[in-house]
Amino acid sequence: WMIETHAVNAFLNDAFTEGMLYGALKISNGFVAVIFIFCAGAGFRLALESKFQDYISFGTPLRNYISRLLFILGIGYSLQTPIFSLDYLLGSSPEEWMRFLDSNVLQLIVVSSFLALIGLFVTRSLNRMILYAWLMMIGVFWLTPIIWSFSSESLMQIPDFLRIYVSRQPPASFPLFPWVGYYFAGYIATHYFVGAKDRNHASNIYLIVSIGLMLFVYGVSRTDWTYYSSEMNWWLVSPMHMMFRVSGAMFLFALLYKLQEKLAGPISRALMVNGRESLIVYVGQ
């Protein structure tokens with residue numbers, strides 16, 4: 001799905017970027033980065049099933065995890081290097097430096113993971129950690145239009161390296177607001193799912209809730225009420241649109257669980273290999 005999105009964005013002739021079919025494809029492709037980040041949050045929660053004590057006691061698995069996060073961060077910035085020459089890079093223009101410092105999806109996942117670790121160290125309990133995850137998801141979604149309303153002059157007071165993480169989109173590809181929220185949405189969805197006594201029943205609940213949430217968002221989107229300027233782009237800053245995307249990720253989460261037995265064989269193996277090696281697939285593409 002990610003490869004299809006990148007290929008379409010890069011190669012599709014402008015003559016085909018109109019009509020209902022392309023509109024549906026564009027909405028579909030809007031879920032790709034959301035689900036990529038959602039899966040990272042889900043993966044963090046799954047890891048806690050066996051590594052919770054190791055993480056809060058600062059054991060070897062935590063050090064290995066942090067090393068892996070820093071490795072991913074290094075890869076993320078290396079993909080944005082204007083040219084592999086230190087001499088040239090030191091003399092680069094501000095625009096080229098900002099491209100190098102961009103907050104892209106890999107950087108976003110790493111920062112989100114560190115925020116999750118901070119929450120884990122503070123709460124030291126899965127029951128309290130889920131409250132932290134809820135606060136992070138709702139807080140980030142709700143604050144996004146407020147953060148985006150800050151003037152460029154105000155943001156210029158923040159050092160370049162940090163400013164790009166709280167900038168609008170663009171110039172940042174994946175700023176913390178709203179994208180961190182999807183990471184914690186993945187954590188929340190997985191937390192309740194792994195704790196369910198009957199996961200088949202839980203998947204049914206997820207399907208119902210996700211469809212209901214989509215309908216609710218559609219209804220609210222038809223009203224004129226907002227707590228932020230109506231001049232801001234609904235598709236970029238609205239918490240309602242963010243919840244629409246979360247509901248789509250939840251729907252796919254539950255649907256794949258329902259279909260997993262029917263997807264046995266080559267399809268299942270392909271999905272699992274791409275899931276385990278998602279970093280290689282992403283960087284390679």
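Start by selecting W142, which sits in helix 8. Helices here are DSSP runs of H or I with at least four residues, strands are runs of E with at least two, and both are numbered from the N terminus. You're looking at a predicted model, where local features need pLDDT of at least 70, side-chain atom pairs count only at pLDDT 80 or more, and totals for chains, interfaces and linings use all residues. Residues are numbered from 1 along each chain as its sequence is written, and side-chain values use heavy atoms, with hydrogens and water left out.

**Stop 1**

Is W142 buried, partly exposed or exposed? With a relative accessible area of 43%, W142 is partly exposed; the label buried means under 20%, exposed means over 50%, and partly exposed is what lies in between (1.4 Å probe, protein chains only).

What does the pair link? It ties together distant parts of the chain, 85 residues apart: W142 is in helix 8 (residues 126-148), while Y227 is in the loop between helix 12 (199-221) and helix 13 (234-237). Y227 is also partly exposed, at 26% relative accessibility.

**Stop 2: the patch around W142**

Keep W142 and select W134, I138, L143, I146, F150, Y192 and W225 as well; together with W142 they make a nonpolar surface patch of about 840 Å². Patch residues have over 30% relative accessible area and no salt bridge; like charges are joined within 9 Å, and nonpolar side chains (Val, Leu, Ile, Met, Phe, Trp, Tyr) within 5 Å. The areas come from the Shrake-Rupley method with a 1.4 Å probe, and for residues only the protein chains shown count as cover. Helix 8 gives the largest share of this patch, five residues.

**Stop 3: into the core**

Next, select I37, F44, Y55, L120, W179, Y182 and F184. These have the most contacts inside the largest nonpolar core, which has 72 residues. Such a core is a set of buried Ala, Val, Leu, Ile, Met, Phe, Trp, Tyr and Cys residues joined through side-chain atoms within 4.5 Å. Elements giving two or more residues to the core include helix 3 (32-56), helix 4 (60-78), helix 7 (105-123), helix 11 (176-194) and helix 14 (239-259).

Zoom in on F44. Leaving aside residues up to four places away in sequence, F44 touches Y55, Y65, A116, L117, L120, M129, Y183 and Y187, where contact means heavy atoms within 4.5 Å.

For another aromatic group, pick F38, F193, Y206, F253 and Y257, which ring pairs link into a cluster.

**Stop 4: a buried glutamine**

Select Q107 in helix 7. Its relative accessibility is 0%, so Q107 counts as buried. Which residues does Q107 touch, not counting those up to four places away in sequence? They are L73, G76, Y77, Q80, D102 and Y165.

**Stop 5**

Most residues other than glycine have a negative phi, and most peptide bonds are trans. Here are the exceptions to click on:

- P170 and P171 are joined by a cis peptide bond with omega about 15°; P171 is in the loop between helix 10 (160-163) and helix 11.
- F177 to P178 is also a cis peptide bond, with omega near 15°, and P178 is in helix 11.
- F58, in the loop between helix 3 and helix 4, has a positive phi of about 60°.
- R124, in the loop between helix 7 and helix 8, has a positive phi of about 55°.

**Stop 6: the salt bridges**

How many salt bridges does a search of the whole structure find? Two, counting a side-chain nitrogen of Lys or Arg within 4 Å of a carboxyl oxygen of Asp or Glu.

Select E49 and R45, whose side chains meet at 2.7 Å, N to O. They are four residues apart in helix 3, so about one helical turn separates them. E49 is partly exposed at 47%, whereas R45 is buried at 4%.

Finish with R163 and D160, bridged at 2.6 Å, N to O. They are three residues apart in helix 10, again about one helical turn. R163 is buried at 9%, and D160 is partly exposed at 36%.

Conventions
Phe/Tyr/Trp six-rings, centres within 6.5 Å; stacked < 30°, edge-to-face > 60°.
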